[in-house]
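Subject: Structure handover

Hello,

Here is the structure for your files. My notes on it follow below.

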Amino acid sequence: MSNRDWLDRSLKAVWHPCTQMKLHATGVLPLVPVARGQGAWLYDFEGRRYLDAISSWWVNLFGHAHPRMNAAIRDQLDRLEQVILAGFTHAPVVELSERLAALTGNALGHCFYASDGSSAVEIALKMSFHYWRNHGQADKNHFLCLAGGYHGETLGTLGVSDVALYKEVYAPLLRQAITVPSPDARQAETGESAADVARRAATALEATLATRHESIAALIVEPLVQGATGMAMHDPEYLRLARALCDRYRVHLIADEIMVGFGRTGTLFAHEQAGVRPDFLCLSKGLTGGYLPLSTVMTTEDVFTGFYDDAVTQGFLHSHSYTGNPLACRAALATLDIFAEDDVLARNQRFAERFTALLAPLAHHPQARHFRHRGMIWAVDIATDDPDFRPRFYRKALQREILLRPLGTTIYFMPPYILDDDEAALLAERAVAALDAALQSSPLLVGEGLGVRA
Ligand SMILES: *Cc1c(COP(=O)(O)O)cnc(C)c1O
């Protein structure tokens, strides 16, 4: 089968996510068929290759077809593929829960499982509300979220998100959270540091908590990097202050580390950089090294005890069919093994220094604004009023064997943790070339490029 065959069949039968399908049909956005992956590279059916610089939508950590990941999943496949987790348990889910708890210094010693990030956020929201209800405070049934925050696409998670593109249409269906200012460091005025911006945002948070805390169950944040809104980065000072305010006003702190967890920001978990712990930690994406869908909500002894009772309805009766799937848990265990065996965080730190230097031409590009970097995430805003910048850059990058999907006019890099020096140099060089080509090219040529024509 050729690329063309798979594209035709896909466009007929597969409704692709986060996509206006007509843009594929007309060729404005190319659809790329993938036959196999190896390391950082994706290969199509005709031998073309693409460097996966966004880790397959922020999930992949150690590249595709990683031998140790593959071996662990194969081994589990011959033992147990799936079993109900209500009333039953199995080795991978027990070991994973113990090891994750240990990685939080046992501050978050109870793991509740689901299959995707949005479900984890839903669980944290429900648990927080239910905890207060179990303590006779059912009025605490509202949530606080940050401007520009993103926590998923289900109705509950859209209610605590603030990205208009995904949310606006569904507004009549949502129970809207209270939005407080983001500590996004790009808001710094002359002479202000990122920590100053964080303190300003925390002051606004305090004003809201002071008047409304009796009706608020939890504050939900993406620690250090707000991803979907365009890789907005903030100082850890915000998390320190938010933690203190949540304690003072008896409001839970939910850390949505679905994107930033597992080394993305330089530490295993982003909240570690603030020296605080949340009441709920939502994890997914990198949890399985990008292999299988799995998410977890980790929480404290205090929250767990709040549900522990003779009354069944005081318990947390939430469930998903594939909760704690053994194959996914084994993939997660293999991920933790690789972190430990390969000293991944230290390697990433050395890589990040080199890659930041390689990105200097992009950072200093005349149309680049707010170049920023934390851990294994790099982002830069492009000053352009071209409404087609995003698809144009995307295509120019693909033509240069690079998979980069800008968020609006923000170009970001979130590579797997295994790029070698040649791959890093190739990525940095071709990203600038793609940017120049995108900025220079005149109105979008429909069907251009990739050797894949609509
Ligand atoms: C991706 C993401 C989610 C949603 O996870 P899904 O698995 O796509 O449902 C939630 N929060 C953050 C911060 C994310 O990046």
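**Domain interface**

About 2100 Å² is buried between domain 1 and domain 2, and carbon and sulfur atoms give 66% of that area. Buried area here is the accessible area (1.4 Å probe) that two parts lose on being put together, summed over both. On the domain 1 side, Trp58, Phe62 and Arg374 lose the most area to domain 2; together they make up 34% of what that side buries.

Before the rest, the ground rules. This is a predicted model: local features need pLDDT of at least 70, side-chain atom pairs count only at pLDDT 80 or more, and totals for chains, interfaces and linings use all residues. Residues are numbered from 1 along each chain as its sequence is written, and side-chain values use heavy atoms, with hydrogens and water left out.

Domain 1 covers 3–62 + 358–440, and domain 2 covers 69–342. The bounds come from an automatic or database domain assignment. The two centres, taken over C-alpha atoms, are 28 Å apart. Contact (heavy atoms within 4.5 Å) involves 24 residues of domain 1 and 27 residues of domain 2.

The term means a side-chain nitrogen of Lys or Arg within 4 Å of a carboxyl oxygen of Asp or Glu. Arg186 forms a salt bridge with Asp381, with the closest N and O atoms 3.0 Å apart.

**Ligand site**

Trp58 turns up again here. The residues around the ligand (a heavy atom within 4 Å) include Trp58, Asp116, Tyr150, His151, Glu222 and Lys285.

- Gly117: a polar backbone atom is 2.8 Å from an oxygen atom of the ligand.
- Ser118: an N or O atom in the side chain is 2.6 Å from a ligand oxygen atom.
- Asp256: an N or O atom in the side chain is 2.7 Å from a nitrogen atom of the ligand.

Best wishes

Key:
A polar contact is a pair of N or O atoms within 3.5 Å; within protein, one must be able to donate a hydrogen and the other to accept it, and residues adjacent in sequence count only if both atoms are side-chain atoms.
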